[in-house]
Amino acid sequence: MEPKDQPLTVALRIRPLNDAELEEGATVIAHKMGDQMVVLMDPDEDPEDPLRTQRSREKTFIFDTVFDQQASQEDVYLATTQHLVEGVISGYNATVFAYGPSGTGKTHTMLGMDAEPGIYLRTLSDLFQAIEETRGHADCSVSISYLEIYNEVIRDLLNPASGFLDLREDARGTIQIAGITEVSTSNAQEIMQLLTKGNRQRTQEPTATNKTSSRSHAVLQVTVRQRSRGTDLAEEVHVGRLFMVDLAGSERASQTQNRGKRMKEGAHINRSLLALGNCINALSEKGGSRAQYVNFRDSKLTRLLKDALGGNSRTVMVAHISPASTHFEESRTTLLYAYRAKNIKTRVKRNLLNVSYRIAQYTHVISDLRGEIERLKSKLEQQEKEKRREPGVRGAQGRAGHTAGATSLGRPGRPAPLGPP
Ligand SMILES: Nc1ncnc2c1ncn2[C@@H]1O[C@H](COP(=O)(O)OP(=O)(O)OP(=O)(O)O)[C@@H](O)[C@H]1O
């Protein structure tokens, strides 16, 4: 099937006002209008000011979907991610990433809580159920890895003792993480326990805006290999990769009053996010024209997300903001950023493992050889018949017949050239 250009799906989630914001006397300035629109009002604007319309910073944005505080975890999953599951099983890549400032709900959306699980668990449950339904005509295996990128180093969240890991590109140009733990199981709850445990290993410290702020980018990678069970050797192996990414907060260090270590770390986080922003900018120019130079190599995050952004992946960005008047600036920046990402187009194609090509080739060779055997058998039978019809010249003919047979059949280990069937 021909690769298809697909625009990035961009959704926006606005979380409820939190206690700290209420205590500060913040008001709601981000309003959802209909299913796709959000209006961000400027809190410094006086609605009575007659000059307001000329210098208003109030802005309206349209996304593929907008969720406000009424939206449940299930609503978010159904509208953003559920449609990707089937594709991953049949060999397409997909990526979902949560973007936004610290404390706006990225981890809530991706991981969630036991009572309100997020995208990770819902996706895995649907994935395993769909795989169960393919049983009988296909064999599927699933492997899962979970890592964090913190200050430009990669750590295995399922085995933090393994130290820092390296990114490598394989012969097909796919980015691999050398030495990462891969867990194979078909029990979503079991994986959730691993992820929750892994998430506790995530570099997490209080910032001015979030008491349990994740300081790293977390990447859950799910690989599904589907082998179609055919009656002959014409088997195909499809490999679909799903990335689910919970990015670190995108706020600027100065805005969160972070000092010292937090500020240095902010610079690192922002280096990855800056690289991501640069890629998004370059890709969104001219509707994601591949002529535009895009530097994915600038950070670990962009190297890992290369396919998700510029290559072979169905990609969904879930941007997050606080509705509070006290966060106007960072909400505005986030909305502009997410709005830009809507111009990105990826080129999606189904992944077929090379091995399947070889199997397909073997099938051709085997059917050619079968044809050849049939042809030689009938030739032998023909010769036998001729021998029986001419008993008088048995001696000389017999030897000649034997020689002809040996030539056609070939000696063991030296195949005869294949003639036309
Ligand atoms: N839609 C929501 N409904 C209810 N509570 C929410 C929602 N979104 C976020 N929260 C709560 O807000 C707090 C901060 O959310 P979360 O930790 O998910 O933010 P984050 O964007 O991942 O932050 P950071 O980048 O600092 O890690 C959490 O206590 C979370 O439960």
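Visitor: Which strands does helix H11 lie across?
Guide: In this predicted model, helix H11, made of residues 328–341, lies across strand S2 (9–14), S7 and S16, and it runs at about 165° to S16.

Visitor: And how do S7 and S16 pair?
Guide: Strand S7 (residues 94–99) and strand S16 (residues 314–321) pair in the parallel sense, over six bridges; within that pairing, Val 96 has Val 316 in S16 as its bridge partner.

Visitor: What sheet do they belong to, and what's its strand order?
Guide: They belong to an open sheet of 10 strands with mixed pairing, in the order S6-S2-S16-S7-S15-S14-S8-S9-S10-S11. Strand S6 (65–67) and strand S11 (175–178) stand at the edges with a single partner strand each, so one side of each has no neighbour in the sheet.

Visitor: How much are neighbouring strands turned against each other?
Guide: On average they are turned by 25°, with direction ignored.

Visitor: What does helix H6 touch there?
Guide: Helix H6 (residues 119–134) packs on the sheet and touches S7, strand S8 (138–150), strand S14 (217–228) and strand S15 (237–246), while its direction makes about 165° with that of S8.

Visitor: Switching topic: which residues have the most contacts inside the largest nonpolar core?
Guide: That core has 77 residues, and those with the most contacts inside it are Leu 12, Val 88, Tyr 120, Met 317 and Ala 338. Leaving aside residues up to four places away in sequence, Tyr 120 touches Met 110, Leu 111, Leu 195, Leu 220 and Met 244.

Visitor: Last one, which residues of H3 are buried?
Guide: In helix H3 (residues 73–80), the buried residues are Val 76, Tyr 77 and Thr 80. They lie on the same side of H3, because they cover an arc of only 95° around the axis.

Definitions and conventions
Residues numbered from 1 in each chain as written. Predicted model: local features only at pLDDT ≥ 70, side-chain atom pairs only at ≥ 80, totals over all residues. Core = buried A, V, L, I, M, F, W, Y, C linked by C-beta atoms within 7 Å. Buried ≥ 20, exposed ≤ 12 C-beta atoms within 10 Å, placed from the backbone. Contact = placed C-beta atoms within 7 Å. Pairing = 2+ DSSP bridges. Helix = DSSP H or I, 4+ residues; strand = E, 2+ residues; numbered from the N terminus. Axes fitted to C-alpha atoms, helices over the stretch in contact; angles between N-to-C directions. Arc of directions from axis to C-beta.
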